[in-house]
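Here is a short report on a single model.

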Amino acid sequence: MKKSVYSLVLSDDVVEAVDRAAYQNGLSRSAMVNQILADYVSYTTPEKRMREIFSQVESLLTDGGVFQTLLQPSDSMMSLRSSLAYKYNPNVRYSVELYPGTPTQGELRVSLRSQSSNLILYLGQFFRLWDKIETAYLGGTDCVIQDGRYSRRLRLPEGLSDREQGAVLAGYIRAMERGLKAFFNSLEDPHQAAAAVDRAYQEYLRQYPAI
């Protein structure tokens, strides 16, 4: 959304109140004024849409205690983590970035901090299996797998409300988390691991449209 500089004459008391509200909401003065004016004229800004989507994701994923929300660096990004039942229970981080100009598009990044070469190897195997399964069902995805890290372009379905899009995104992250845990629970049996991950993805597709 294009932004321009405007000159306004405002009461000092009003500006002080706006600054307090901006501080409480973690926004700049300009962003706070923009939000207030948008709300007054019933205009939904891209920033508000992203907050609504992320709020729904957080509500759905943190309710069961599996995921924890991390500090959000901006309106366009959110991060969560879950623990993996492997040596020392490492934390897997799921970071989502939505593009401000097109809030229905963005990127998912999945990673964990570990010096274990075996863990990084297994994680890479899971990501390649996940992409293979997605490709079989969707015909291909735009993803990058490197050094035990995964990134994938997201395209949320059009025609849904922000809360519905949040539910689709949460469903995808939950499916990947379940697939990852199922994979690590079956490390000794690659065929069983692949079947378990496939079931997790199929369950997602039965409930939500693909992204």
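Which residues are linked in a network of salt bridges? They are E97, E107 and R109. A salt bridge here is a side-chain nitrogen of Lys or Arg within 4 Å of a carboxyl oxygen of Asp or Glu.

This is a predicted model, in which local features need pLDDT of at least 70 and side-chain atom pairs count only at pLDDT 80 or more, while totals for chains, interfaces and linings use all residues. Residues are numbered from 1 along each chain as its sequence is written, and side-chain values use heavy atoms, with hydrogens and water left out.

## Salt bridges

The salt-bridge rule gives a count of ten.

| R29 | D19 | 2.8 Å |

Take the R29 and D19 pair. R29 sits in helix α2 (residues 29-40) and D19 in helix α1 (residues 12-25), so the bridge ties together parts that are ten residues apart in sequence. Helices are DSSP runs of H or I with at least four residues, strands are E runs of at least two, and both are numbered from the N terminus. R29 is partly exposed, at 47% relative accessibility. D19 is partly exposed as well, at 29%. The accessibility classes are buried (under 20% relative accessible area), exposed (over 50%) and partly exposed in between, with a 1.4 Å probe and protein chains only.

The K48 and D39 pair comes next. K48 has 37% relative accessibility and is partly exposed. D39 is also partly exposed, at 38%.

R49 is partly exposed at 23%. D162 is buried, at 16%.

## Helix α4

Helix α4 (residues 117-138) has 22 residues. The expected span is 1.5 Å times one less than the number of residues.

Which residues of α4 are buried? They are L119, L123, G124, F126, F127, L129, W130, D131, I133 and E134. Their cover includes β4 (102-111), β5 (143-146), β6 (149-155), α5 and α6 (190-207). After α4 comes G139, with a positive phi near 90°.

G124 belongs to helix α4. It is buried, at 5% relative accessibility. Leaving aside neighbours within four places in sequence, G124 is in contact (heavy atoms within 4.5 Å) with I145 and G148. G124 and Y150 are 26 residues apart in sequence, yet their C-alpha atoms are 8.2 Å apart.

## Positive phi in a loop

Most residues other than glycine have a negative phi. Y88 has a positive phi, near 65°, and is not a glycine. N89 is another non-glycine residue with a positive phi, about 45°.

Where is Y88 found? Y88 is in the loop between β2 (77-83) and β3 (91-99). N89 lies in the loop between β2 and β3. Y88 is exposed, at 83% relative accessibility. N89 is partly exposed, at 49%.

## E177 in helix α5

E177 lies in helix α5. Is E177 buried or exposed? At 5% relative accessibility, E177 counts as buried. Its side chain makes a polar contact with the side chain of K181, at 2.6 Å. A polar contact is a pair of N or O atoms within 3.5 Å; within protein, one must be able to donate a hydrogen and the other to accept it, and residues adjacent in sequence count only if both atoms are side-chain atoms. Leaving aside neighbours within four places in sequence, E177 is in contact with V66, F67, S82 and Y94.
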